[in-house]
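Here's a quick tour for anyone meeting this structure for the first time. Have a look at the sequence and the model, then read on for strands, cores, salt bridges and a surface patch.

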Amino acid sequence: MIDAVESSGALSKALANKKVVLCLGSGGVGKTTASAALALAMASTGERVVVLTIDPARRLADALGQKGSLGNEPTRVEGSIIDGLAGEVWAAMLDPAETFEMVVRSEADDDVQAERILSNRLFVNLTTSLSGTNEYMAAERLHQLHHDGRFDRVIIDTPPSHHAMDFLDSPGRLTRFVDHRLYRSVFAPRHQLLRPLNVGTRVVMRVLARLVGSSLVDDVVTFFADFEGMDAGFRRRASEIEDLLAGPDTAYLLVAAARRDRLEEAKWILGNLERRHRSVDGVIVNRVLPFDPGAAEALAEAELSPPLARNLRELASLARQEAALIDRLRQFVDAERPPPEHEERVPLVRLGEQLTPVHDLTGLVEMAKAL
């Protein structure tokens, strides 16, 4: 079910010139499914669309009818599976370690430097355990796919709420780290770590060796020595990603549900986007009860059995509660992004609850048609 008054064709219009669409939302609102359905909807017009999920679960693969697991390299969903599809749909699942390796190889001077970094134990730990690595590698993968000539559009199924904000902030954090005077004076290899150690530095290094082991200290020194000059490349890429995320080619699509707790998370996302000087370009409210409360109550007044009439009245009450919550969400959206005079509001699409959960390609195609 689509709110024809607010959003018939408006969402397509709002996203028409956007090369990147970031789908944001809390967990459990159908964000992955909405991302896949949006990819199908765009591909139906002849575009080549890739959707990247940052969630390691198989939901995207299952929805797109992919029997095997998705990987970092996009897999094409065969057109024959989707009747009448004019364009192409590709799907991928983020592999942070593989993405990190791709970045290192692209920025290294040669294969020798790249192999030294990739085999360093500190690098292995960075790719598997350092907080924020996954979010930044997701941003890097977006950067790669955006510049991949195979695709006209990139859709990102972001992590739930708080992690999505970490994803948006990660390029700036990397830039600030590389520019920080502590990095430049201590860790940057062209500075003190490669200079002959003075007495004070040797004492510090011996203390560190006793605390964490001499092999780890050697790994740190070797890693930053091998990293010589690559920090500039990482900084440049991070700056390019920041520009992309804040630029006119990128759209922010909020996926929500008409539930009180989900509404609060949606409001939190809207506020955090506003603090980052960004705003949503569209809203999808998923799994809305697909009938009119007044019609349900009219049916309840007909000659029905008491249990059935009672159920209809309860459903009518729930539908009214959902409508009130969606009205509040509309107010939140308008407050964060007031519509300019003579211009349309941010489109808000209501997708009706399905009889069965959307977990295969057939249900996904129906959802894409609604979008």
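Two strands count as paired if DSSP finds at least two bridges between them. Helices (H or I, at least four residues) and strands (E, at least two) are themselves DSSP runs, numbered from the N terminus. By that rule, strand E1 (residues 20-24) pairs with E5 in the parallel sense, over four bridges.

Before going further, a word on the model: it is predicted, so local features need pLDDT of at least 70 and side-chain atom pairs count only at pLDDT 80 or more, while totals for chains, interfaces and linings use all residues. Residues are numbered from 1 along each chain as its sequence is written, and side-chain values use heavy atoms, with hydrogens and water left out.

- Strand E5 covers residues 153-157, and five of the five are buried, so the rest of the structure largely encloses it. (Buried means under 20% relative accessible area, exposed over 50%, and partly exposed in between, with a 1.4 Å probe and protein chains only.)

**Nonpolar cores**

- A nonpolar core is a set of buried Ala, Val, Leu, Ile, Met, Phe, Trp, Tyr and Cys residues joined through side-chain atoms within 4.5 Å.
- The largest one has 58 residues, and Leu22, Val104, Leu142, Phe167, Val283 and Leu329 have the most contacts inside it.
- There's also a second, separate core of 39 residues, which includes Ala34, Leu38, Leu85 and Leu351.
- Leaving out residues up to four places away in sequence, Leu22 touches several residues, among them Leu142, Ile156, Phe167 and Leu245; contact here means heavy atoms within 4.5 Å.

**Salt bridges**

- The whole structure has 20 salt bridges, each being a side-chain nitrogen of Lys or Arg within 4 Å of a carboxyl oxygen of Asp or Glu.
- Asp157 turns up again here, meeting Lys31 in a salt bridge (3.3 Å, N to O).
- That pair links distant parts of the chain, with Asp157 in strand E5 and Lys31 in helix H3 (residues 31-43), 126 residues apart.
- Both Asp157 and Lys31 are buried.
- Glu107 and Arg236 form another salt bridge, at 2.8 Å from N to O.
- Since Glu107 sits in helix H5 (residues 96-107) and Arg236 in helix H13 (residues 230-246), this pair ties together parts 129 residues apart in sequence.
- Glu107 counts as buried at 14% relative accessibility, whereas Arg236, at 38%, counts as partly exposed.
- Asp169 and Arg276 make a salt bridge too, with their closest N and O atoms 2.7 Å apart.
- Salt bridges that share partners join Glu107, Glu140, Arg236, Arg237 and Glu240 into one network.

**A nonpolar patch on the surface**

- Leu299, Leu304 and Leu308 form a nonpolar surface patch with about 250 Å² of accessible area together.
- Patches are built from residues with over 30% relative accessible area and no salt bridge, joining like charges within 9 Å and nonpolar side chains (Val, Leu, Ile, Met, Phe, Trp, Tyr) within 5 Å.
- Accessible areas come from the Shrake-Rupley method with a 1.4 Å probe, and for residues only the protein chains shown count as cover.
- Leu304 lies in the loop between helix H15 (293-300) and helix H16 (306-336), and at 33% relative accessibility Leu304 counts as partly exposed.
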